[in-house]
Amino acid sequence: MDKTALITQCLRLHALRADPLRALTCTVIYITGLWMTCFGVVMILKSTLGVDAWNGVMAGMTVLTPLSLGVWSVIVQGTFWLTAAIISHRPDFLCFIPILLKGIGFDLAVWVLDFVPTASDPVTMALYYATGYLTLALGTGFYITLNFSKMPIDGLMVAISERFGMRLSRARLCIEVSGFACLFACAGPFGIGTIIATFTFGNAVAASRTLAQRCLRPLLAGSREKTH
């Protein structure tokens with residue numbers, strides 16, 4: 001995390017501490033958004049149509065090892081964090097908060113959705129996939145809009161977008177394409193859903209982020225006012 005981002009985050013945290021209700025609201029939205037992404041991924045996995053590359057890698061590793069989806073999420077995201085820290089020389093230690101929260105969220109989602117049967121017909125597959133996709137996109141858009149610590153993969157998406165002037169969709173595409181080699185290596189779930197997610201999810205996140213900015217404008221505006 002660079003000095004500007006660190007100062008901005010410190011000011012935002014100071015403002016939130018001065019307004020406990022706003023702080024609580026932001027925290028709830030942040031955790032809800034993160035956990036929505038977990039429930040979205042699990043629903044997509046139950047559709048059997050295939051999930052995006054990196055979530056597919058985690059799902060594939062749960063089959064090959066006794067470790068849970070949540071544990072593999074921590075391992076994979078921790079690897080992203082370490083790689084980014086080595087490349088940028090600016091480790092964001094606050095990233096461990098969403099890494100752990102999402103690890104817990106994945107295992108919670110697997111447990112809560114255990115009663116949902118795996119899709120076995122085209123209509124159910126499409127319904128599960130659409131539900132999971134929308135939940136994943138909305139959750140991602142809302143939690144990154146708060147500008148709290150991001151998951152390393154989402155933080156990388158935003159960083160690439162800002163550093164190289166790319167749209168979020170292209171930045172996400174670069175990340176997803178790099179995961180295909182790992183996905184095939186671990187025999188993770190691959191299907192038409194993987195292709196859809198790879199080439200459209202960036203656009204979905206961009207749209208979700210725009211929606212979140214509109215919905216959270218009073219909350220974000222109040223936070224900015226208190227930082228000045």
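Analyst: This is a predicted model.

User: Which helix gives the largest share of the nonpolar patch?

Analyst: The nonpolar surface patch covers about 600 Å² and consists of F184, F190, I192, I195, I196 and F199. Helix α10 spans residues 192–215 and contributes four residues to this patch.

User: What secondary structure does the protein chain have?

Analyst: The pattern along the sequence reads α-α-α-α-α-α-α-α-α-α-α. Of the 228 residues in the protein chain, 48% are buried. The secondary structure amounts to eleven helices and zero strands.

User: How many cavities of 30 Å³ or more are found, and how much space lies in the largest cavity?

Analyst: Rolling a probe the size of a water molecule over the atoms shows where empty space is left. The search of the whole structure gives four cavities of 30 Å³ or more. The space in the largest cavity is about 130 Å³.

User: Which helix gives the most to the lining of the largest cavity?

Analyst: The lining of this cavity has 15 residues, and N55, Q77, K102, I153 and R172 are those that lie nearest its centre. At least two lining residues each come from α3 (53–64), α4 (69–88), α5 (96–112), α6 (122–145) and α7 (152–164). With three residues, the helix that gives the most is α3.

User: How do the residues of the lining of the largest cavity divide into nonpolar, polar and charged?

Analyst: The lining of the largest cavity is made up of 15 residues. They divide into seven nonpolar, four polar and four charged.

User: Where is P91 found, and what separates its C-alpha atom from that of W81?

Analyst: P91 is found in the loop between α4 and α5. Its relative accessibility is 32%, so P91 counts as partly exposed. Although P91 and W81 are ten residues apart along the chain, the separation of their C-alpha atoms is 7.6 Å.

User: What is the phi of T48?

Analyst: Most residues other than glycine have a negative phi. T48, in the loop between α2 (20–47) and α3, has a positive value instead. At 41% relative accessibility, this residue counts as partly exposed. The phi of T48 is near 65°.

User: What is the phi of A187, and is this residue buried or exposed?

Analyst: A187 is not a glycine, yet its phi is positive, at about 55°. The residue is found in the loop between α9 (180–185) and α10. Since its relative accessible area is 63%, A187 is exposed.

Technical notes. Residues numbered from 1 in each chain as written. Predicted model: local features only at pLDDT ≥ 70, side-chain atom pairs only at ≥ 80, totals over all residues. Heavy atoms only, no water. 1 Å grid on protein atoms, 1.4 Å probe; cavity = no way out; pocket = protein on both sides within 12 Å on 5 of 7 lines; lining within 4 Å. Points joined across faces, edges and corners; volume = space filled by probe spheres on them. Nonpolar A, V, L, I, M, F, W, Y, C, P; charged D, E, K, R; others polar. Patch = residues over 30% accessible without salt bridge, like charges linked within 9 Å, V, L, I, M, F, W, Y side chains within 5 Å. Areas by Shrake-Rupley, 256 points an atom, 1.4 Å probe, with all protein chains shown as cover. Salt bridge = Lys/Arg side-chain N within 4 Å of Asp/Glu carboxyl O. Buried < 20%, exposed > 50% of the residue type's maximum accessible area, 1.4 Å probe, protein only.
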